[in-house]
Amino acid sequence: MAAIPADGTWFDTINKSFADVPINAENGISTTEFLEAAESLVTLFDVLGSAAFTPVKNDLLGNIKKVRERQQAAPAESETLQALVLNELKTGKHVATEGLVWLVRGLDFTVQALRHNIDNSSSELSDSFRGAYGNTLKPHHSWIVKPVFSAAMSATPYRKDFYKKLGEDQAKVTAELAKEVAALEKVIAILKAFQDTKPAQWK
């Protein structure tokens, strides 16, 4: 994890914010910037500081890799995530499409936990992440995977310690976290609506 500059926050260390991901007039989400922002957000689990989050990180990074490999294989057909999905499905394959479904679930899990924690100032991170897990990933996980993720929920640091790790200026941390969460919520809402449409499904 990159060092946080003096008077700065964790957000100063990331390569791309979801607030900077281009969304066109048709709600097309730029693939390159989205993947960069997703990779940046994954480093937040380093701030949480427990090896228990390694499976969560690896899950997100594995799905980012699937989407990026399709983009690299057919860049002209993958400028937006929606185009990438529709064009991959035309080939009869769905590796990246399914990877994006899981990536959206993982990002939704993360953003729901952060949203709950922002809106409920007395809630500990463990409660926020546990609730978000039940709403997003848990219904899709096997009985083998559920305990692994549940262990991560229990390994979260205390709220005050987590926010302090994001930066000394807590007003700035809160403002930047709220901005990032709102931007990611917008992206997730667009992608979930798209993934619910028949052309975006493979079965």
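**Notes on salt bridges, helix packing and a buried arginine**

1. Arg70 counts as buried because its relative accessibility is 14%.

2. A word on the model before going further. This is a predicted model, in which local features need pLDDT of at least 70 and side-chain atom pairs count only at pLDDT 80 or more, while totals for chains, interfaces and linings use all residues. Residues are numbered from 1 along each chain as its sequence is written, and side-chain values use heavy atoms, with hydrogens and water left out.

3. Helix H3 (residues 54–73) packs against helix H4 (residues 81–90) with the axes 11 Å apart and an angle of about 75° (axes are lines fitted to C-alpha atoms over the stretch in contact, and angles run from 0 to 180 degrees between N-to-C directions). H3 is therefore roughly perpendicular to H4 (angles of 65 to 115 degrees count as roughly perpendicular, under 35 as roughly parallel, over 145 as roughly antiparallel and the rest as oblique). On the H3 side, Val67, Arg70 and Gln71 make the contact, and on the H4 side Leu81, Leu84, Asn87 and Glu88 (contact means heavy atoms within 4.5 Å).

4. Helices H6 (residues 125–135) and H7 (residues 145–154) have axes that come within 8 Å and cross at roughly 155°. That is why H6 and H7 are described as roughly antiparallel to each other. H6 supplies Ser126, Phe129, Arg130 and Tyr133, which meet Lys146, Phe149, Ser150, Met153 and Ser154 of H7.

5. Arg130 also has a salt bridge, to Asp127, with the closest N and O atoms 3.8 Å apart. Because Arg130 and Asp127 lie 3 residues apart in helix H6, about one helical turn separates them. Arg130 is partly exposed, with a relative accessible area of 40%, and Asp127 is partly exposed at 45% relative accessibility.

6. Which parts of the chain does the pair of Arg115 and Glu185 link? The side chains of Arg115 and Glu185 form a salt bridge of 2.8 Å, N to O. This pair ties together distant parts of the chain, with Arg115 in helix H5 (residues 95–119) and Glu185 in helix H9 (residues 170–195), 70 residues apart. Arg115 is partly exposed at 24% relative accessibility, and Glu185 is partly exposed at 28%. Asp119 joins Arg115 and Glu185 in a network of salt bridges. The salt-bridge count comes to 9.

7. Arg159 deserves a look in your viewer. Arg159 belongs to helix H8 (residues 159–166). Arg159 is buried but has no salt bridge, and Glu124, the nearest side chain of opposite charge, is 6.7 Å away (Lys and Arg count as positive, Asp and Glu as negative; His and the chain ends are not counted).

8. What does the side chain of Arg159 reach at 3.2 Å? It reaches the backbone oxygen of Asn120. A polar contact of 2.9 Å also connects the side chains of Arg159 and Asn117 (a pair of N or O atoms within 3.5 Å; within protein, one must be able to donate a hydrogen and the other to accept it, and residues adjacent in sequence count only if both atoms are side-chain atoms). Setting aside neighbours within four places in sequence, Arg159 is in contact with Asn117, Asn120, Ser121, Ser123, Glu124 and Leu125.

Key. Helix = DSSP H or I, 4+ residues; strand = E, 2+ residues; numbered from the N terminus. Buried < 20%, exposed > 50% of the residue type's maximum accessible area, 1.4 Å probe, protein only. Salt bridge = Lys/Arg side-chain N within 4 Å of Asp/Glu carboxyl O.
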